[in-house]
Structures are given as C-alpha cells and as structure tokens.
Amino acid sequence: QPYNLRQAGDVLLVPLYLNGELVNLQRIGPDGAKRFLYGGIIKGAYSPLGVIAAGQRLYIAEGWATAATLHEETGAAVACAMNCNNLLEVGQRLQRRHPDALLIIAGDDDRKTEGNPGRTSANKAAAALGCELILPPWSGDEPLCCSDFNDLRQWSAAQ
C-alpha cells in the first residue's frame, strides 16, 4: 500500500515528521537513490504508519518498505527512522511522547555488510531504550542479500 507516500513524476516522496510537523521529505528515484531535502530535519524525524496508542505495540524500523511490511503483517503502528543511525533518536523521542506505547525495535540484519550496521544499531537502540528487539527470522534458506523483514517477505512470496 502507498499509505502516506506521494509521487512527483517518477520520484516517490516519503514524508518525515517531528512532533507532528512535516520537517523533511525523502525522495526515492527510479534507480533507488534516496535523497533528503537540503536543510530539512532528519535526526529524530520519522515517517509514521498507523496510529500510536497506549498499551499497543509501536515498532521502530529502519526503512520504509520494512515499516510498511511490519504494519501490514501486524496491524501495529510503525515509525520509519529512515536509517539505522536514527533508530535510537526516534525511539527516544517516541518514548517521551508516548510513554505507554510498547516500543519494539525492528532491526535490519545487514549480513553481507562489514560490521552489520543494521543489527549493531538496532541492538544498541533496544538496549538504550530498554525495549524489545526483533530481527528477521531467517530459516537459513534465504539468500544473504536479504537483510530486512520486507526482503524476507518478498523472497518468501517468490518461493
């Protein structure tokens, strides 16, 4: 589903919010290149899917496709942090703003990338926030190019 995405020509526009205000757009080109608007806020900003509610799960995911997959599969609210280095900042802001939501970091598992930045950042964010962490549940059959929940869903659907 497109949810809150828009399209301008052949470019997808992903809105980023901070404290309920639109503060930036990520532009995704047809070649997959991702660019934020110059001068817009990125740190702590996120793209929301679903409604955050007290006592309900609130996933914080790295990428938009992963966030959409989690929202579709669980029905829960998801905040897309846009990159692994923003997971903790988004989590801290949402934890302060929605203290009764059940935060869950949904990390990427960048198995082919040295240092596995997705998993490393997700572990650090979950530990700092004192919340649950989930990673894609690999069976061992998936190719190593799969690194997130959306990759897993797409690969599984093709089998």
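Two strands count as paired if DSSP finds at least two bridges between them. Helices (H or I, at least four residues) and strands (E, at least two) are DSSP runs, numbered from the N terminus. The model is a predicted one, in which local features need pLDDT of at least 70 and side-chain atom pairs count only at pLDDT 80 or more, while totals for chains, interfaces and linings use all residues. Residues are numbered from 1 along each chain as its sequence is written, and side-chain values use heavy atoms, with hydrogens and water left out.

With that settled, strand E8 is a handy place to start. Strand E6 (residues 57-61) runs parallel to E8, and 5 bridges join the two; here alanine 61 sits opposite alanine 106 of E8. E8 also pairs with strand E9 (residues 132-134), again in the parallel sense, over 3 bridges. Isoleucine 105 has leucine 133 in E9 as its bridge partner. Helix H2 comes into this picture as well: its buried residues are Leu87, Glu89, Val90, Gly91 and Leu94, and they pack against E6, E7, E8 and helix H3 (117-129).

Asparagine 86 lies in the loop between strand E7 (77-80) and helix H2 (87-97). Asparagine 86 counts as buried because its relative accessibility is 2%. Leaving out residues up to four places away in sequence, asparagine 86 touches Ile42, Lys43, Gly44, Ala45 and Ala81 (contact means heavy atoms within 4.5 Å). Methionine 82 is in the loop between E7 and H2 too, and with a relative accessible area of 10% methionine 82 is also buried. Most residues other than glycine have a negative phi. Methionine 82, though not a glycine, has a positive phi of about 80°.

Another sheet is built from antiparallel pairs. It is an open sheet of 4 strands in the order E1-E2-E3-E4. Its edge strands, each pairing on one side only, are E1 (6-8) and E4 (34-36). On average, neighbouring strands of this sheet are turned by 35° against each other, direction ignored (axes are lines fitted to C-alpha atoms, for helices over the stretch in contact, and angles run from 0 to 180 degrees between N-to-C directions). E1 and strand E2 (residues 11-18) pair over 3 bridges, with arginine 6 standing opposite leucine 13 in E2. The hairpin of E1 and E2 has 2 residues between the strands, and glycine 9 takes a positive phi near 65° there.

The pairing of E2 with E3 is antiparallel and uses 7 bridges, and leucine 18 faces glutamate 21 of E3 across it. This hairpin, too, has 2 residues between the strands, and asparagine 19 takes a positive phi near 55°. Asparagine 19 is in the loop between E2 and E3. At 48% relative accessibility, asparagine 19 counts as partly exposed.

Further along this part of the chain, asparagine 24 is placed in strand E3 (residues 21-28). Asparagine 24 is buried, as its relative accessible area is 3%. Setting aside neighbours within four places in sequence, asparagine 24 is in contact with Val14, Pro15, Leu16, Phe36, Leu37, Gly40, Ile41 and Ile42. Its side chain reaches the backbone nitrogen of leucine 37 at 3.1 Å (a polar contact is a pair of N or O atoms within 3.5 Å; within protein, one must be able to donate a hydrogen and the other to accept it, and residues adjacent in sequence count only if both atoms are side-chain atoms). The C-alpha atoms of asparagine 24 and alanine 101 are separated by 25 Å, at 77 residues apart along the chain.

Helix H1 (residues 64-74) packs with helix H4 (residues 149-158) at an angle of about 70°, with the axes 7 Å apart. H1 is therefore roughly perpendicular to H4 (angles under 35 degrees count as roughly parallel, over 145 as roughly antiparallel, 65 to 115 as roughly perpendicular and the rest as oblique). H1 contributes Ala65, Thr66, Thr69, Leu70, Glu72 and Glu73 to the contact, and H4 contributes Phe149, Asn150 and Arg153. By type, these residues divide into 3 nonpolar, 3 polar and 3 charged (Ala, Val, Leu, Ile, Met, Phe, Trp, Tyr, Cys and Pro count as nonpolar, Asp, Glu, Lys and Arg as charged, and the others, Gly among them, as polar).

Conventions
Buried means under 20% relative accessible area, exposed over 50%, partly exposed in between (1.4 Å probe, protein chains only).
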